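Dear colleague,

I am passing on the structure below, together with some notes on what was found in it. Please read the notes with the coordinates open beside you.

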Amino acid sequence: MLKLYDLTIEYRQNPLGLDEVQPRFSWKLESDVPDTVQSAYQLKVWNGKLMWDTGRVESGQSILIDYMGMVFKPRSSYRWEVTVWDNHGQSAFQEAFFETGLLNGAAFQDNACWITHSLSKEDTASPIFRKAFSVSRPIAKARLYATCLGLYEAEVNGQKVDDTYFAPGWTSYQKRLQYQTYSIENIKEGENELTITLGKGWYSSPLGFTPIPNHYGDTTALLAMLILTYPDGSEEIIGTNESWDVLTGPIRFSELYDGETQDFTVPEKQLGKARSFEYGFSTLLAQENEPVRCLKKLPCLKSFTAPNGERLFDFGQNLTGWIEVRVHGYSGQKLVLRHAENLDENGNFYTENLGFAKAADSYILNGTEQILRPHFTFHGFRYVALEGLEEGQEIELTACHLSSDLKEAGSFECSNELVNRLYQNIVWSQRDNYLDVPTDCPQRSERLGWTGDATAFTPTAVFHQNIMPFMRKWLRDLAADQNPATGMPQVVPDVLSDGATGGQNGAAYWGDAATVVPWTLYETYADKRVLSEQYESMKIWTDFIRSKCGANGLWQTGFQYGDWLGLDAEMNGLGDERKGATDDYFTANAIYLWTLEIMIKTAALLGCEEDELLYRSVREKVLSAFRDEYVTKTGRLVCETQTALVLALHFGLVEEKDRAGLADRLEQNIAAHKTHLTTGFIGTPYLCLALSDNGKHDVAGKLLLQEEAPGWLFEVKMGATTIWERWNSILPDGSFNPAGMNSLNHYAYGSIGSFLYTRLCGLQLLEPGYKKFRVAPRFIKGITWADLSYESVYGTIRIAWRCEKGMIQVDITVPVGTTAEVILPEKDEVLMLGSGSYHYEYPTETRLEMDKYTLETVLKVVLEHPAAQPLLRQYMPELLDNPMIQYVAGEPLSAMLSYAPEAKPLYEMLLKAMNEAE
């Protein structure tokens, strides 16, 4: 049976307030008949009358079909329906709905004006705007359209208008300001009241490393209109103007970094009428991304008293959000909640990594039972320190996890519980840092849209959630904040640049978010529009780099972040512990070549032939110059750090004849570090991928499963519930890295997720949107089964494999309308599969359970093992009798191999004998 599901328009189901004048329609198909493809479709759009009818279109296209009908009317409801036919003679029908927004932000100005308050600059109370109105007859529908300079929450008759927060979101406010559309369901005949409270938010709260206020302005202001539509079609519009009342209430202070103070003993204070405010309407546009919601509520797992006497509460998970408080106190009682990610090595509240952020919420109670929460702030925390609670007084604290409400896309699970926790940590860090913009961290005085983090993590992020609307909105701000003279801002929205000078020049990898993110979105969602929208932005960045290149065609001037937070910093000669040892300009030109490759493909897709030829020519010259500058005649790199070797391999920067040698040296480098990585922000996302694709998949597996510092599972074993900013954020003894820049919730190193999904599980994209994909799982020792599910734009892809008890089992699900190229483990045949579910089962001699003795076993254990000693006497007797051996007895075999790789067959023979003897 053929079934239609997940009907979307511009990636949204039944959207309210759509402002796209030519939106795209998509749907997915399910069928219990194998090898099903859509053969035809018919789309119809209605608004009382037929607006568009495609007729029967003989096509397999089921995503992003452009609307080509009559012009939409603003604030109007539409029904759309789709009928599809498949190659087996079956059909399916489904319908959905959408409602247009204003279609033009200037529509506000006929019925509403910007208004503000009379509070002094020193008064930190949040202004409340209130309008009473009466309704004399039943209404058919009510819509509120609202925005502000700052943040707002709206209520009608004392009830919040919906379950979202932090409207209107964070954009490049002078150029782009979103408005929201709400369906109001609780208006009654008689007297009603619309109340809107404002907070500073990103508009005027202090932001940045050393927080500076008023980046966009120093005065909050409101623009809104409530439109009541009656059954006869007539309308009544209640817009903001100078007749609105202004007052203050419980919120006495609210800023993003420092928190919020509410005093319920202070009566409402009337400030008189609203004042007109000049701002304009030309920058207004409808909400582009998903709103922020409370995605989950977590109860307190444990309350206890710290060694220093503080009352602490543990919620078991590092998260972004706030605390909901339920308490019955006495009038005037003050409660203060401070937030932190962790406890220090002594078990006390750890706030050293918060920078200038106070991260504290205060409540002065009114003597009744109250349920309290902040309105215009958020925190990154697992622990809360509570002050002001009386002995024996009851209180209930609930952590509310806040994030942009993106649609879930993927899931992963395997036999290794530490890896499962790592996966959960990656997903948590993504959700925690996807709060309206993709930020670096949610806790300290920063919380900015760092571009380098987006470059590193976006290829992994697309597996977890549908990030298209979220990232498209951010990319539009990126383009809005771009300056050709500096190439790219380093954070988006840009609050670090000096308006007079245009800010610091863009840096490699950070600036390459301008090309990498839109290209990743195109590949994942097969959406060419994101490339056409961002093409000029992509060119600005690429051409900026060209302008900075010398006569040899290479970029070798200016500041670079380099391999940020790489662990080989002691070798960089700069005295900067934040920068790895890889040459800054090696990394800059390696990533430049990647961007040029993206530009060649993008120009070709968009039909920009001159640009394609130009960028192809530039890339050829840059690649030749790169090899002349950084690759010796014998195929060595002048800089052979882990990151340099990884970039050269992953991005194809050396000739094919030199790849095997580089892969060997990367393996030796890792072995010399006792199977540990040293890579930073630029090297880590591609480390395991490069190893896996160059004959060193087993080494990639060992790095993944490394439980000692530094490594992903070391963090897990130290109790991490999110991804750390630094490999050494917390040291093995439980003490903290003394650097202030020490977030415990940074998603960049969560880029290892891409290895889990694309190599371990083997899902690799062959055509945009996974129209065609490869399934080629690669086993690693220590994981005996894995299960991946991914919701592509065509439907659910599932890959599940198991290698246990002498049998390999593989299950694969291929969505309708797609094709899978399958290479089963330990098989050479390439299978081409159409839609359906498939099961394979066959015998194997492979054993994936972790052996007791491995190349990570120290030499001393081998020398003393009864099963190894006879072999040592036979093949290497001098080793047993050498008195100098005591100095390396504590080294793992892997480290020994970095000096004598020819000994690997002997070590493997010894380990096999030792394991068989157990």
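In which strand is T195 found? In this predicted model, T195 belongs to strand β16, which covers residues 190-199. T195 has a relative accessibility of 9% and therefore counts as buried, the cut-off for that class being under 20%. Leaving aside residues up to four places away in sequence, T195 is in contact with I128, F129 and R130, and also with E153, A154 and E155.

On the α3 side the contact is formed by T451, A454, T455, T458, P459 and V462, which meet A513, V516, V517, T520, T524 and Y525 of α5. The residues of this contact comprise seven nonpolar and five polar ones, with no charged residue among them.

Lastly, helix α14, which spans residues 753-760, is mostly covered, with eight of its eight residues buried. The buried residues of α14 are G753, S754, F755, L756, Y757, T758, R759 and L760. After α14 comes G762, which has a positive phi, near 90°.

With best wishes

Terms used:
Residues are numbered from 1 along each chain as its sequence is written. This is a predicted model: local features need pLDDT of at least 70, side-chain atom pairs count only at pLDDT 80 or more; totals for chains, interfaces and linings use all residues. Side-chain values use heavy atoms; hydrogens and water are left out. Helices (H or I, at least four residues) and strands (E, at least two) are DSSP runs, numbered from the N terminus. Buried means under 20% relative accessible area, exposed over 50%, partly exposed in between (1.4 Å probe, protein chains only). Contact means heavy atoms within 4.5 Å. Ala, Val, Leu, Ile, Met, Phe, Trp, Tyr, Cys and Pro count as nonpolar, Asp, Glu, Lys and Arg as charged, and the others, Gly among them, as polar.
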